[in-house]
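Me: I'm new to this one and would like a close look at a single part. Could you walk me through its sheet, starting from the picture below?
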Amino acid sequence: MALLSTPFPGMSMLFRDPTRPAVQFLAMQPWFSQLSPELQQTVADAVFTIPGTKGDVLLRAGEEVDGWYAVLTGLVKLQSQFGHRRQGFLGIPGGEWFGEGSAMKKEPRRYDAIALRDTELMCLPRALFDELRETSIPFNHTLTDCLNMRLGQAMAIIETMRLRTPDQRVAMYLGRTLWHGSRRMSLSQEELGIIAGLSRQTVNGVLKDFETKGLVSLEFGRIDIRDEAGLAQLVWGTPNPPGKP
């Protein structure tokens with residue numbers, strides 16, 4: 001989701017700094033416009049950002065959860081640790097929220113959030129997160145949509161990691177189940193390999209095969225989806241992933 005370069009109409013009357021990326025991101029959330037002007041100002045003043053460069057651990061497993069997070073810019077990998085082995089399982093691109101389950105639980109964070117490129121996070125503090133859950137129906141609709149999306153992603157990851165070939169894993173991580181961006185993937189082969197849990201060499205070989213089959217095209221390390229239905233067919237045996245019409 002691209003942030004706007006100019007404020008929304010009327011924003012300068014309401015917010016102290018309407019050009020802040022965090023404020024512009026909030027203004028694009030469907031639930032935000034339904035809040036009272038006073039609560040909008042409270043939320044805009046309360047959110048804070050966490051910048052990081054490639055490789056930084058932005059949020060650590062085992063730490064207290066401060067709130068609900070969104071990726072303003074960049075790309076984040078969510079990573080769990082099993083003994084001495086670390087496994088990335090999901091990439092969160094700019095414009096998406098994550099960590100809603102953690103924000104709803106009174107327990108330490110269970111995963112690391114690691115920047116795969118220069119990244120800036122925004123945090124909606126837990127006190128306001130809890131208040132909005134209690135008072136805002138539109139906010140709860142957004143939260144439910146996010147939880148439903150994560151449940152679908154979790155089931156897809158479980159099935160793919162246990163049953164699928166590297167070709168199918170790469171195809172799934174390119175599809176709309178786990179990536180909700182445009183058909184032109186702002187994702188390098190290295191990043192795709194990290195998220196899918198495959199070596200860069202394996203991903204490179206799979207993508208070259210996909211390009212030969214007309215499923216994708218590759219340019220300067222970026223990936224263009226040419227046949228989304230074909231990728232879904234490879235993973236699920238049908239042109240549409242589960243839950244899609």
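What is the order of the strands in the open sheet of four strands, and which way do they pair?

Reply: The order is S1-S8-S3-S6, and the pairing is antiparallel. S1 (48-52) and S6 are the edge strands with a single partner each, so one side of each has no neighbour in the sheet.

Before going further, a word on where this comes from. The model is predicted, so local features need pLDDT of at least 70 and side-chain atom pairs count only at pLDDT 80 or more, while totals for chains, interfaces and linings use all residues. Residues are numbered from 1 along each chain as its sequence is written, and side-chain values use heavy atoms, leaving out hydrogens and water.

The protein has ten helices and eleven strands; these are DSSP runs numbered from the N terminus, with at least four residues (H or I) for a helix and at least two (E) for a strand. Strands count as paired if DSSP finds at least two bridges between them.

Let's cross the sheet from S1. Five bridges join S1 to S8, and one spot to look at is Thr-49, which stands opposite Met-122 in S8. S8 (residues 119-125) is then joined to S3 by six bridges, again antiparallel. Here Thr-73 has Glu-120 in S8 as its bridge partner. On to S6 (residues 97-98): two bridges join S6 to S3, and Ala-70 is partnered there by Trp-97. In general, strands of a sheet pair through backbone hydrogen bonds, either parallel or antiparallel.

Now for how covered S3 is. Six of the seven residues of S3 (residues 67-73) are buried, so the rest of the structure largely encloses this strand. Buried means under 20% relative accessible area, exposed means over 50%, and partly exposed is in between (1.4 Å probe, protein chains only). Across the protein, buried residues make up 46% of the 245 residues.

The side chains of Glu-96 and Arg-150 meet in a salt bridge, 3.9 Å from N to O; the rule is a side-chain nitrogen of Lys or Arg within 4 Å of a carboxyl oxygen of Asp or Glu. Glu-96 lies in the loop between strand S5 (85-93) and S6, and Arg-150 in helix H6, so the pair ties together parts that are 54 residues apart in sequence. Glu-96 and Arg-150 are both buried.

For contrast, look at Lys-213 and Asp-209, whose closest N and O atoms are 3.1 Å apart in their salt bridge. Lys-213 is exposed, at 56% relative accessible area, while Asp-209 is partly exposed, at 27%.

Finally, follow helix H6 itself. Ser-136 is found in the loop between helix H5 (126-135) and helix H6 (137-163), and is buried, with a relative accessible area of 7%. A polar atom of the Ser-136 side chain lies 3.1 Å from the backbone nitrogen of Phe-139. Met-155, also placed in H6, is exposed, with a relative accessible area of 51%.

Definitions and conventions. A polar contact is a pair of N or O atoms within 3.5 Å; within protein, one must be able to donate a hydrogen and the other to accept it, and residues adjacent in sequence count only if both atoms are side-chain atoms.
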